[in-house]
Amino acid sequence: MANRLTTHLALFVAAAISLFSVSVMAEAAAATSSLKGYWNGIADDDSPVTAGDLAITRLTVDLVQRGGMVDATIEAELSHRSQQNDDPIEARLSLLLPQQAVITGYALDIDGTLIAGTLLDQPKARRVYEAEVRKGIDPGLAEVSGNRFNTRIFPIAQGKSRTIRVHFSAPADALQGFALPWIGAPVTGSVMVRYSGTAISGAPLLALPWGTSIQAKRSGNAWKAEASVPSVAVATGTLAITGTKLSDQLVVSDHTNGQAFFELAAKSDVAGSANPAVPGRLRVYWDRSWSRSDDALDAEIALLDAYLASRPASAIDLVTFAEDTPSIASFANPADLRKALAGQIYLGATRLAGLDALKLADAGQCLLFTDGARSLDPAAEFAPDCRLSVIASAPDADTAYLGNLAQDSGGRLFQLTATNSGEVLTALLNPGPGVVRVRSVSGRRLPFRALATAGGGWHIVAPMHGEEGVSLWIADAKGRVTIERFEWDGAGRERHDGAAALWAAGEVARLADDPADRDAMVDLARKFQVASASLAFLVLESPEQYVEADVAPPAAGFDAEWRETYRELRKEKDEEAQEVLADHLAMVRENWRERKAWWETRFNPESRAKKSRDQDGGADAAAAFEAAPPPPPAPMVAPPPPAYLPAPTESAAAEMADDGYGAEVIVTAQRRSSSMQDVPVAISMLSGNAMGDSKVEIADLLSDGPYIKALDAAAPASREVVLREQAKQYGSLAGFWLDVAEWYRVKGDAATATRLLLTALDAPTADEETRQIVAFRLERDGRIDDAIALLERFAALNAERPQPRRLLALALAKRGRPADLERAFALLTDVALKPYPSAFEGIDVVALMEANSLIPALDKAGANWRLDPEFVALLDTDVRLVIEWTNDDADIDLWVIEPNGERVYYSNKLSAAGGTISNDMTDGYGPEEYVMRRARSGEYKVRIHGYSPDRINPNGTGRVTVRLIRDFGRASHKEQLVDAEIGFGKDEEQSDGSRGIATLTVPQRR
């Protein structure tokens, strides 16, 4: 497959590390908003898009405040102004939002009309966007990470502009007001800022980022302000609203969908600090995962110091946690605590599982310092036995989750910034009252969300129930509860999305933890149009695009003719669904018939290689291809198999004994290393993955990145220091952690390797591909529960393609509980029988092979399974090799060179000895499978051939994963898992362009 962007064929991912760390990572880690551009959508710092090439030529900001909520709309015109380069530009705009902000809308102009985005699972939205970019068609993608909004718009043609519109809602804190960080890019055209405020007291003051301010004035029942300037150079300040006082009465608003919500706020009356008569015990939970390494840790420690200076504790318990077992230590004085915190090493993924089970002394106050980035076990329960105050200093902290966590214990979330440590300290010392329950006047319990505030007091949002007032259960610092009633007469109700959006974001965060709640979460998010870390807005242009991507268009924006075309195309596709299903089943039936016929054919394993030449004109990999005699006479045909084999071990063992083959197998690969040339480095696979006494030499599969060379050169005693230094430069990239984890694994340090592998999940660039790679390696290493947890989410987020469901099924089958086997079988048969895109043809036979192999275990466990008898047949094999890969835009082929030198691949699908290969998948992911029912002794060389993807990848060049299996479908089944970079041009590459992965050796006859 040729690189889709042919004009940039030479820009391969070999430069991914340096390129990505300079460009994309600069966006992800930036502390301000930014605008960047890329020619043809490719990040290439050798010919950057400059400020003169891409500019904001018009910017409008509308702020509508109601009570303590602000609805904001930013509209920006982005223009391609280059006179020298007529290539289209992909614009990437990154906006740093106010704390706790929720994106509620995104629109992109199509032919001058702003078209609203549709909320989709983020991986699907990204895949559809990138597919359209490759076609040169106009898509727009908007994603959220923490409090950062990122959008990509392509193409912007020379001399043209594209307009985007972003909507978000954010709370205005009672003490600090509202602050929007300004875009860190020049605006060469007009800038307009408009403000309107209702249900507030005090005269709002707008501080503008270019150094001026304007005072809002009364206009009817609202406060109004407006500012306009011809252009603005790069400004790093904020657009702030201060001077307002929030109402202490119910403020009711109608969301766009018609549902009514209220907000209530109360400022604490307590001032200063207060020391208890008897010092109590303090418990500190401290997150030491990698994602915390760039938080304001010094400020957090200083806050804790100041807290203990004002409120001494009788004892201090420190619980530090990451993905490993939590560590507990107790201290008698703050100095020892400070020393312990200063010495923390930040590594690994974030996991709260296990904190609940700790046996800890009763504490009067609990403080949790974290960013809420739960990369493992997001649904784990954590309900401490004390009132929990949560402190987050990370700009991208998961405030919805952390707010829920604090709220559920009667505590509060505090977002620590460079300017509010004093207010946070005061509020911690005097926690004041907090809302613990909300009911309507008629007694109906109302779900509510408590918002973070910089100082004392509380701020909540909740749905209304009819035109009633509400009753609040309010707990003080000592746990005493009072009930306060707030009446509402039905007056003053206005349209405003803020309260509803903030409430919905909190509920979406609760549902997002469990993949089983995925559908309910998506429905709620779409009802209130709130984006999240797993849901992105996507804008497409044509009716065909929406139908092809199976995405519903927005309710407004397109004209009547466009919509009629969409309805007709949608109707055609829906009407074709049954026909598509029938055609798919017919295809699967034929593919499965061919596979059964192959299995029933008794080939001669000792056959010489067939004479063959590559279709592309190249010579075969082995000279024996030319010298081999004609194929042997017609093969002998064995009797057909039963529907399934209830005792495959006996028949398989007997047949192998007849053929004279033992069960031993060796998997090898040649090592390529500048420092240890031709020296094999082998490790035994962990329990559950070992292939008898076989071993796999994987040193040649290591990355050759600069950090690997640095580790190679380091003395063992210095490795930890070298690793930390390399992490400072490359630790933002998930691929760095994937690579160094394998390096430590090869060195035999499995514990460190696992920590580094899981650290990849906490990297800022970690994505669904990262999780897939980590899950595969966890399965390989026997950490099956963690692998399944990652694959559950991976499958939920990628429901439109079959591969994630198959991977989850294989992991469940490996765990082997009866319920796991039932679910694995159902997933595999769904993968085989459900119509998926035609690009995935061939996965049906692979999945049916795997599903049938589970039937004996299902029957033995008394578990349930259902499958049409025509698809039931256990086709056991001596050798089975399966590859899949992680990039949708890579075309990888499986090649197997058999002991007689014959190469089995897409142009030679059946060898003389009976080895066969599945359908060639050219559009990404795989799987591709090689099977040999009766294997002769000798080496089966596994190679990959293909084309690297055409994009920069934070995981490196992407990965190809290989399952090497002996005795498939038998009780003696043995399997080893290997993964390698998708990358060609390495030293081990042969003249045919392929790359060696492993050699599976079947031993000589006994």
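Guide: We may begin with Ser389, which is found in strand 26 (residues 388-392). Strands here are DSSP runs of E with at least two residues, helices are runs of H or I with at least four residues, and both are numbered from the N terminus. The model is predicted: local features need pLDDT of at least 70 and side-chain atom pairs count only at pLDDT 80 or more, whereas totals for chains, interfaces and linings use all residues. Residues are numbered from 1 along each chain as its sequence is written, and side-chain values use heavy atoms, with hydrogens and water left out.

Visitor: Why is Ser389 called buried?

Guide: Buried means under 20% relative accessible area, exposed means over 50%, and partly exposed lies in between, with a 1.4 Å probe and protein chains only. Ser389 has a relative accessible area of 5%, so it is buried.

Visitor: What makes the pair Ser389 and Gln365 a polar contact?

Guide: A polar contact is a pair of N or O atoms within 3.5 Å; within protein, one must be able to donate a hydrogen and the other to accept it, and residues adjacent in sequence count only if both atoms are side-chain atoms. The side chains of Ser389 and Gln365 make such a contact at 3.4 Å. The C-alpha atoms of these two residues, 24 residues apart along the chain, are separated by 8.0 Å.

Visitor: Which residues does Ser389 touch, not counting residues up to four places away in sequence?

Guide: Contact means heavy atoms within 4.5 Å. By that criterion Ser389 touches Gln365, Cys366, Leu367, Leu368, Arg412, Phe414 and Leu428.

Visitor: How is the lining of the second largest cavity divided by residue type?

Guide: Ala, Val, Leu, Ile, Met, Phe, Trp, Tyr, Cys and Pro count as nonpolar, Asp, Glu, Lys and Arg as charged, and the others, Gly among them, as polar. The division is four nonpolar, three polar and two charged.

Visitor: What makes strand 29 and strand 33 edge strands?

Guide: Two strands pair if DSSP finds at least two bridges between them. An open sheet of five strands, with mixed pairing, has the order 29-30-21-20-33. Strand 29 (449-450) and strand 33 (494-495) each pair on one side only, as edge strands. Strand 20 (residues 251-254) meets the criterion with strand 33 through two bridges in the parallel sense, and Ser253 stands opposite Glu494 there.

Visitor: Why is Ser289 called buried, and what surrounds it?

Guide: Ser289 has 0% relative accessibility and therefore counts as buried. Ser289 is in the loop between strand 22 (281-287) and helix 4 (297-310), and its side chain joins that of Asp287 in a polar contact of 2.8 Å. Beyond four places in sequence, Ser289 touches residues including Phe321, Tyr346 and Asp762.

Visitor: How do you know that strand 22 is mostly covered?

Guide: Six of the seven residues of strand 22 are buried. Strand 22 runs parallel to strand 23 (residues 315-321), joined by seven bridges, and Trp286 has Thr320 as its bridge partner.
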